[in-house]
Amino acid sequence: MARLSTDVPATADAITDAVLTASRLLVAVSARSLAAAGDLITLPQFRVLVILHSRGTLNQAALAELVGVTPSTTSRMVDRLVAVGMVVRQDSPSSRREIVVELTGEGERVVRLVTERRRREIARIVAKMPEDARHGLVEALTAFAEAGGEPPAKDSIDAAWF
């Protein structure tokens, strides 16, 4: 496999290309790990579960903004997740006009199952990396996630990213 030399300048284009390539791998890992949940949910629906797991109960407007889709799309995703028992809709305790979405025990179980499977596969990939290539990876990926507005993982289960 071709590897960039460490003396290649870290231009924005070179970094973008490297992140795009890595993202293809991460999406493939995500799709494979999602198979642990069977055919119950899609990758975007799993993203909803991860957001609720990491941020807690949210109203649908906030959830739509965090997922990056329209409120109507979020509503349809939440409908499907309610149907399979992974989330519940409730009246907001602070506003009678607002509906909030909360992760259920089953939703929590699926997030943990899929994340553990993903974590094992990523650990196998990282273990194959040369030691010198691992240097600085945590710092670089943390800075990348912060720049993209992703909250830090509170624990290994919360590191689901997608």
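How many helices and strands does the chain have? I looked this up before anything else, keeping in mind that the model is predicted, and I found 7 helices and 3 strands. Reading along the sequence, I noted the pattern α-α-β-α-α-β-β-α-α-α.

Next I turned to the chain as a whole. Of its 162 residues, 27% count as buried, and the chain exposes about 10300 Å², of which carbon and sulfur atoms supply 59%. I also looked up the contacts with a separation of 6 or more, and residues 24 or more positions apart account for 58% of them.

Then I went through salt bridges, of which the structure holds 5. In one of them the side chains of E121 and R32 meet at 2.3 Å, N to O; this pair links distant parts of the chain, since E121 lies in helix 5 and R32 in helix 1 (residues 12–34), 89 residues apart. I count E121 as buried because its relative accessible area is 14%, under the 20% cut-off, whereas R32, at 40%, is partly exposed.

Another salt bridge joins D79 and R89 (2.6 Å, N to O). D79 lies in helix 4 (residues 71–83) and R89 in strand 2 (residues 87–91), so the pair ties together parts that are 10 residues apart in sequence.

I also looked at E108 and R112, whose side chains meet in a salt bridge at 2.9 Å, N to O; being 4 residues apart in helix 5, they are separated by about one helical turn.

Last, I noted a positive surface patch formed by R117, R120, R124 and K128. R120 lies in helix 5 (residues 105–128) and is partly exposed, with a relative accessible area of 47%.

Methods
Residues numbered from 1 in each chain as written. Predicted model: local features only at pLDDT ≥ 70, side-chain atom pairs only at ≥ 80, totals over all residues. Heavy atoms only, no water. Patch = residues over 30% accessible without salt bridge, like charges linked within 9 Å, V, L, I, M, F, W, Y side chains within 5 Å. Areas by Shrake-Rupley, 256 points an atom, 1.4 Å probe, with all protein chains shown as cover. Salt bridge = Lys/Arg side-chain N within 4 Å of Asp/Glu carboxyl O. Lys, Arg positive; Asp, Glu negative; His and termini not counted. Charge placed at Lys NZ, Arg CZ, Asp CG, Glu CD. Helix = DSSP H or I, 4+ residues; strand = E, 2+ residues; numbered from the N terminus. Buried < 20%, exposed > 50% of the residue type's maximum accessible area, 1.4 Å probe, protein only. Contact = heavy atoms within 4.5 Å.
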